[in-house]
Amino acid sequence: MKAIRVHEFGPPEVMDLEDVETPLPSRTEVLVKVQAVGVNPVETYIRSGQYAATPPLPFTPGKDAAGVVEAIGDGVKHWSVGDRVYTSNSISGSYAEYTLVEENDLGRLPDNTSFEQGAGIWTPYATSYRALFQKAKAVEGETVLIHGASGGVGIAAVQWAKSRSLTVIGTASSDEGKKLVLEQGANAVLDHSQEGHIAEINEWTGGLGVDVIIEMLANVNLAKDFDALKMFGRICVVGNRGSLDFNPRLIMGKDATVTGMSLYNAPAEAFEEIHNAIFDGLIRGDLNPIVGRTFSLTEAGKAHHAIIEDKALGKIVLVP
């Protein structure tokens, strides 16, 4: 099969398309024929070597994909050849024509969801669900601020929040991004590249501020977030690209809670809850993964440049 391989950590150009042996499933493993691959920022950090946990070299990047079950191990209980699935992890890497997955790391893809959409399900929708509901404990009637709401995780967070009857304020920095966020149901969208957008949030909420903030770029926004946060509010840090000078009295003054999260720290029961919620949301139509740009597998390097350097507008997907 064709697969992207990384033999040394470095820029996007270290990814090469190569011929490798197609893996065979054993025990509780499932082989999925990949129809589309989801590209996530974390994969760029791993590829560059600037991540806490890096795989041994060489490796095939990726955890998110969607496709059809091609073969199953003799211990697999929940899947059959021909099932439409999305992946939430991968043994062999998902930037490939086939990927090997543990059966518990698959989710069922309903017929009303395309493979390209399916490739953009797990990391964005699981991350935003865990941030909103399992960590920040957002509930019906509250107001949530979602930074970077036009990106993959941001769009998913807007859709989840609206499905639970939250009031949503999103931020984006382009006209196209703001339009996309409003189309997902946000009650308001502000330009986070403008210096006064925090004041606008307070004006929009009548000076009350927001109950919950989903923070996608903590090194830039965290210190300013407290100006828009209600007393006893909660902030969940989902993304960060550097350090910052921070005064803990900001937390004390609002009696606030700041939590961080990394999706793969979640316990098995949290994953099961998320898989069930995703399937139900897709079936009901509450969730609608937005595919922003599609690249071929040979263009994986271009996709990695795009996800970091371009303004986010939906999910970036590779198609083998």
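I started with the N221 side chain, which makes a polar contact with the side chain of E215 at 3.0 Å. By polar contact I mean a pair of N or O atoms within 3.5 Å; within protein, one must be able to donate a hydrogen and the other to accept it, and residues adjacent in sequence count only if both atoms are side-chain atoms. The model is predicted: local features need pLDDT of at least 70, side-chain atom pairs count only at pLDDT 80 or more, and totals for chains, interfaces and linings use all residues. Residues are numbered from 1 along each chain as its sequence is written, and side-chain values use heavy atoms, with hydrogens and water left out.

Next I looked up the surroundings of N221. It sits in helix 7, residues 218-225. Helices (H or I, at least four residues) and strands (E, at least two) are DSSP runs, numbered from the N terminus. Leaving aside residues up to four places away in sequence, N221 touches H147 and E215. Contact here means heavy atoms within 4.5 Å. Is N221 buried or exposed? N221 is buried, because its relative accessible area is 9%. The classes are buried under 20% relative accessible area, exposed over 50%, partly exposed in between (1.4 Å probe, protein chains only).

Then I checked the backbone. Which peptide bond is cis? I found the one from L57 to P58, with omega near -10 degrees. P58 is in the loop between helix 1 (41-48) and strand 4 (65-72).

I also noted positive phi values at non-glycine residues. R27 has a phi of about 50 degrees. The loop between strand 2 (15-19) and strand 3 (29-39) holds R27. R27 is exposed, at 53% relative accessible area. K137 has a phi of about 60 degrees. K137 lies in the loop between helix 3 (122-135) and strand 8 (143-146). K137 counts as exposed, with 52% relative accessibility.

Last, the whole chain. I count ten helices and 15 strands. Of the 320 residues, 52% are buried. Its C-alpha trace spans about 60 × 40 × 35 Å along the principal axes. How does the radius of gyration fit a compact globule? The chain has 20 Å, which agrees with the value near 20 Å for a compact globule of 320 residues. That radius is taken over C-alpha atoms, and the globule rule is 2.2 Å times the number of residues to the power 0.38. Of the contacts with a separation of 6 or more, 65% join residues 24 or more positions apart.
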